Amino acid sequence: MPRAFITGITGQDGQHLAEFLHGKGYEVFGMVKGQNNPRMVQMRDEFPYVEPVPGDLADLPSLVKALEYTQPDEVYNLGAISFVALSFNQAELTANITGLGVLRMLEAIRMVGGAQNNSIRFYQASSSEMFGKVRETPQTERTPFHPRSPYGCAKVFGHDIVVNYRESYDMFACSGILFNHEGPRRGLEFVTRKVTNSVARIHLGLQQEIVLGNLDSKRDWGYAGDYVKAMWAMLQQDAPDDYVVATGTTYSIEDLVRLAFAEVGIEDWQNYVRQDPKFYRPAEVDLLIGDPTKAREKLGWEPEVQFPELVKMMVANDLALESKGR
Ligand code: GDR
């Protein structure tokens with residue numbers, strides 16, 4: 001039975017990946033930080049097959065202990081401060097967890113012996129936020145980075161240190177440059193879920209309006225359930241490499257809002273949306289659109305869910321949740 005160790009297990013991607021790997025016959029271990037972590041209760045109920053293991057990306061000895069205990073074949077580093085807006089307020093914490101956390105995990109793998117014989121395969125969750133103020137469109141694995149937030153800067157460090165450890169120590173370490181990926185498990189702080197949940201609540205008479213920031217930025221949005229399959233596929237190749245994972249299409253926040261309201265039969269969405277500068281970011285990423293050619297050709301990976309279908313799925317889920325009082 002192959003063994004997988006996942007950081008960020010309680011997040012959206014951790015949940016999808018745990019489910020996917022369990023379906024493939026893996027023994028799944030999930031790193032859980034903090035004492036009495038409230039998300040653990042939900043995890044135990046929904047994913048009883050995941051064994052929780054204590055650890056923290058800020059604490060190298062805890063990572064070493066976790067690897068010694070779990071003896072994994074594959075490590076997926078999904079743990080991070082992942083909310084871009086928060087990273088402007090907690091820049092140092094973001095650099096420590098989202099950036100240095102990657103270095104600590106790589107060091108932990110070397111310490112428990114994985115580097116010498118390539119026995120532990122490592123996946124790093126890199127991000128399209130690294131492209132930031134994009135140098136070319138669409139973005140590929142060769143597009144230079146120009147991050148626009150402390151989060152993006154930390155992810156660039158994480159990405160670069162993975163390449164460096166791969167080249168320096170011959171580690172089987174891969175980065176997936178994942179563009180935005182969403183779904184019913186997305187946290188309410190991210191714009192897709194914020195919109196679909198608010199639309200459901202407005203439809204049910206539980207809320208009057210949605211307050212948003214910039215409606216003009218464009219994102220390449222896919223379904224998280226599709227994207228975790230690419231993570232796994234990267235670690236099954238003969239050689240480690242980096243891959244862009246995206247749909248190759250882009251939509252604005254305004255498109256998202258229009259599509260979501262249309263799901264509940266509201267066309268005059270402008271009457272329900274207010275913009276507030278507090279949701280604007282000090283520096284914005286205006287346009288993201290990825291070129292997933294390499295992932296398609298080398299991994300045989302293709303997104304199955306396109307954006308309109310994704311919005312439909314998320315609104316339907318939020319309608320079901322909100323109508324039974326969550
Ligand atoms: P992003 O996702 O920053 O792209 O990073 P998010 O959903 O937070 O923002 C997307 C865009 O929407 C605009 N926006 C708002 N965003 C939020 N959260 N709330 C609002 O009210 C709002 N109004 C407008 C933002 O300005 C932005 O342009 C996500 C995260 O999951 C990262 O961790 C990941 O690396 C990348 O996707 C790929």
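**Entry 1**

I began with Arg186, whose charged end sits over the ring of Phe190 at 3.7 Å from the ring centre. I note at once that this is a predicted model.

I then asked how exposed Phe190 is. Phe190 has a relative accessible area of 13%, and it is buried because this value is under the limit of 20%.

**Entry 2: Aromatic pairs**

I recorded that a pair of aromatic rings is described by the distance of the centres and the angle of the planes. The count of aromatic pairs in this model is twelve.

I examined Phe20 and Trp232 and found an edge-to-face pair, with 5.7 Å from centre to centre and 75 degrees between the planes. Where do the two residues of this pair lie in the chain? Phe20 belongs to helix H1 (residues 12-23) and Trp232 to helix H9 (residues 224-235), so that the pair links distant parts of the chain, 212 residues apart.

I returned to Phe190 to inspect its pairing with Phe83. The ring centres of Phe83 and Phe190 are 5.4 Å apart, and because their planes stand at 70 degrees, over the limit of 60, the pair is edge-to-face. I located Phe83 in the loop between strand E4 (74-77) and helix H4 (84-89). Phe190 is in the loop between strand E7 (181-182) and helix H8 (191-203). The pair therefore ties together parts that are 107 residues apart in sequence.

Is Phe83 buried, exposed or partly exposed, and why? Phe83 counts as partly exposed because its relative accessibility is 22%, which lies between 20% and 50%.

I also noted one aromatic cluster, formed by Phe131, Phe145 and Phe179.

**Entry 3: His181**

I placed His181 in strand E7. His181 is buried, with a relative accessible area of 12%.

Which side chain is joined to that of His181 by a polar contact of 2.6 Å? I found that it is the side chain of Asp13. The side chain of His181 also reaches the backbone oxygen of Phe179 at 2.7 Å. Phe179 is one of the residues in the aromatic cluster noted above.

**Entry 4: The ligand**

I looked up the residues around the ligand, of which there are 24. Those that come nearest are Ser82, Ser127, Tyr151, Arg281 and Glu284. By class, I recorded ten nonpolar, seven polar and seven charged residues in this shell.

- A polar backbone atom of Ser82 is 2.6 Å from an oxygen atom of the ligand.
- An oxygen atom of the ligand lies 2.9 Å from a backbone N or O atom of Val191.
- For Lys194, an N or O atom in the side chain is 2.7 Å from an oxygen atom of the ligand.

How much of the ligand's accessible area does the protein cover? On its own the ligand has 720 Å² of accessible area, and the protein covers 96% of this.

**Entry 5: Sequence and space**

I compared separation along the chain with separation in space. Gln12 is in helix H1 and counts as buried at 9% relative accessibility. Gln12 and Arg186 are 174 residues apart in sequence, yet their C-alpha atoms are 5.6 Å apart in space.

Val195, in helix H8, is buried at 0% relative accessibility. Val195 and Glu51 are 144 residues apart along the chain, and 33 Å separates their C-alpha atoms.

Terms used
Residues numbered from 1 in each chain as written. Predicted model: local features only at pLDDT ≥ 70, side-chain atom pairs only at ≥ 80, totals over all residues. Heavy atoms only, no water. Phe/Tyr/Trp six-rings, centres within 6.5 Å; stacked < 30°, edge-to-face > 60°. Helix = DSSP H or I, 4+ residues; strand = E, 2+ residues; numbered from the N terminus. Buried < 20%, exposed > 50% of the residue type's maximum accessible area, 1.4 Å probe, protein only. Lys NZ or Arg CZ within 6 Å of the ring centre and 35° of its normal. Near = heavy atom within 4 Å. Polar contact = N/O pair within 3.5 Å; in protein donor to acceptor, adjacent residues only side chain to side chain. Areas by Shrake-Rupley, 256 points an atom, 1.4 Å probe, with all protein chains shown as cover. Nonpolar A, V, L, I, M, F, W, Y, C, P; charged D, E, K, R; others polar.
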